[in-house]
Amino acid sequence: MRAEEKLADPVAYLRQALAEDAFAVFCQPICALGKPLTYPMAEALVRLREEETALCPPGEFLPVLEHYGLMPNLDRWVVRKVLRHVAAGKHPRFSVNVSAQTLDDKTFAAFIARELNASRVPPDRLLFEIDEPDALAEPGRRFAAAIGSLGCGVIIDGLGRGADFVEPLKTPSVKYIKVCSSLTRLLVAAGALDEELRALLQVTAGMGIHVIAECVEDPATLVALHKRGIGFAQGFGVYQPHPIEACAEARHGA
């Protein structure tokens, strides 16, 4: 579709992009901290191919998809692509981001069940990332309970942006939390942790929930996080996003 057609009818353009697989799945591995470092899972990310070789970043097309209510279409497309990749034995575990629109779709969990059955991928190979505010809302909790009953897990993304650290942990099926960049900085700062952050680590440990530090930009941060007892890390200093087809098989970690 030419640029003028794209501007004139963005819905048709994006529907055509989904139908013709013009979107691309990238991934960013998540590191399990230890010796040696391992990469037991990766987050699925989406790009849009334009003019054969150009890639459109998500900030340019996701707002349009959201505006026209097309996020459930995209999220379904990503789930299919990820399951196909995992079924081929390319990577042990993936996390897929779920939009608020998709959480409102009561048929999405049933769709996941059908796709898991068709792909024969073990359910525990699939995790779903839910933003912290969405995890506190009824659709998010309903979805989390539904996919937990299938054997999948939940990651709470961006923990620490809100005022309450503990309430999101009550979301059903939570296996991991991703702490926001500001909490990552506090975790690697010198000196003792403040009482609230120390309590968060104690609560998550007691609940069997693993902590992923986001926005890690350098190897020194990995060392500091490991000393704090943080199990996982993600960021450009850990592994940069790359096409899912180039995702090397990773060793299983914790």
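This is a predicted model: local features need pLDDT of at least 70, side-chain atom pairs count only at pLDDT 80 or more; totals for chains, interfaces and linings use all residues.

Colleague: Is Thr204 buried or exposed?

Modeller: The cut-off for buried is under 20% relative accessible area. Thr204 has a relative accessibility of 1%, so it counts as buried.

Colleague: Leaving aside its neighbours within four places in sequence, which residues is Thr204 in contact with?

Modeller: Neighbours within four places in sequence are set aside here. What remains for Thr204 is contact with Leu169, Ile177, Ile209 and Val211.

Colleague: Staying with α10, how is α9 oriented relative to α10?

Modeller: Helix α9 (residues 181-188) packs on α10 with the axes 11 Å apart, at an angle of about 95 degrees. Angles of 65 to 115 degrees count as roughly perpendicular. That makes the orientation of α9 to α10 roughly perpendicular.

Colleague: And which residues of α10 does α9 meet?

Modeller: From α9 come Leu183, Leu186 and Leu187. The residues of this contact divide into six nonpolar, no polar and no charged. On the α10 side, they meet Leu197, Leu200 and Leu201.

Colleague: Let's move to α6. How are α6 and α8 arranged relative to each other?

Modeller: Their axes are 9 Å apart, and α6 packs against helix α8 (residues 138-150) at about 20 degrees. The crossing is right-handed. Angles under 35 degrees count as roughly parallel, and α6 and α8 are therefore roughly parallel.

Colleague: How do the residues of the contact of α6 with α8 divide?

Modeller: Phe108, Ala109, Ile112 and Ala113 in α6 meet Phe143, Ala146, Ile147 and Leu150 in α8. Sorted by type, the residues of that contact come out as eight nonpolar, no polar and no charged.

Colleague: What about α4 and α6: at what angle do they cross?

Modeller: Helix α4 takes in residues 71-87 and helix α6 residues 108-119, and their axes come within 10 Å. The crossing of α4 and α6 is right-handed. The two helices are roughly parallel, therefore the angle has to sit under 35 degrees. For α4 and α6 that angle is roughly 25 degrees.

Colleague: How many charged residues are there in the contact of α4 with α6?

Modeller: On α4 the contact is made by Asp75, Arg76, Val79, Arg80, Leu83 and Ala87, and on α6 by Phe108, Phe111, Glu115, Leu116 and Ser119. Of these, six are nonpolar and one is polar. The charged ones number four.

Colleague: Now some backbone details. Which peptide bond is cis, with omega near 0 degrees?

Modeller: Most peptide bonds are trans. Look in the loop between β1 (23-32) and β2 (38-50), where Pro36 lies. The cis bond there runs from Lys35 to Pro36.

Colleague: Arg120 has a positive phi. Where is Arg120, and is it buried or exposed?

Modeller: Most residues other than glycine have a negative phi. Arg120 has phi near 60 degrees, and its place is the loop between α6 and β5. The cut-off for exposed is over 50%; at 75% relative accessibility, Arg120 counts as exposed.

Colleague: What is the phi of Cys215 near?

Modeller: Cys215 is found in the loop between β8 (210-213) and α11 (219-227). With 45% relative accessibility, Cys215 counts as partly exposed. Its phi is positive, in a residue other than glycine, and near 60 degrees.

Colleague: Next, Ile244. Which residues is it in contact with, beyond its neighbours within four places in sequence?

Modeller: Ile244 sits in the segment after β10 (242-243). At 6% relative accessibility, Ile244 counts as buried. Its contacts are Val25, Phe26, Cys27, His85 and Phe94.

Colleague: How far apart are the C-alpha atoms of Asp131 and Asp157?

Modeller: Asp131 is in strand β5 (residues 126-131) and is partly exposed, with 34% relative accessible area. Along the chain, Asp131 and Asp157 are 26 residues apart. Their C-alpha atoms are separated by 4.7 Å.

Colleague: Last one, for the whole chain: what is its radius of gyration?

Modeller: The chain has 11 helices and 10 strands, and buried residues make up 47% of its 254 residues. A compact globule with 254 residues would have a radius of gyration near 18 Å. The chain agrees with that, at 18 Å.

Methods:
Residues are numbered from 1 along each chain as its sequence is written. Side-chain values use heavy atoms; hydrogens and water are left out. Axes are lines fitted to C-alpha atoms, for helices over the stretch in contact, and angles run from 0 to 180 degrees between N-to-C directions. Helices (H or I, at least four residues) and strands (E, at least two) are DSSP runs, numbered from the N terminus. Angles under 35 degrees count as roughly parallel, over 145 as roughly antiparallel, 65 to 115 as roughly perpendicular and the rest as oblique. A crossing is left-handed if the near helix is turned anticlockwise from the far one by less than a right angle, and right-handed if clockwise. Contact means heavy atoms within 4.5 Å. Ala, Val, Leu, Ile, Met, Phe, Trp, Tyr, Cys and Pro count as nonpolar, Asp, Glu, Lys and Arg as charged, and the others, Gly among them, as polar. The radius of gyration is taken over C-alpha atoms; the globule rule is 2.2 Å times the number of residues to the power 0.38. Buried means under 20% relative accessible area, exposed over 50%, partly exposed in between (1.4 Å probe, protein chains only).
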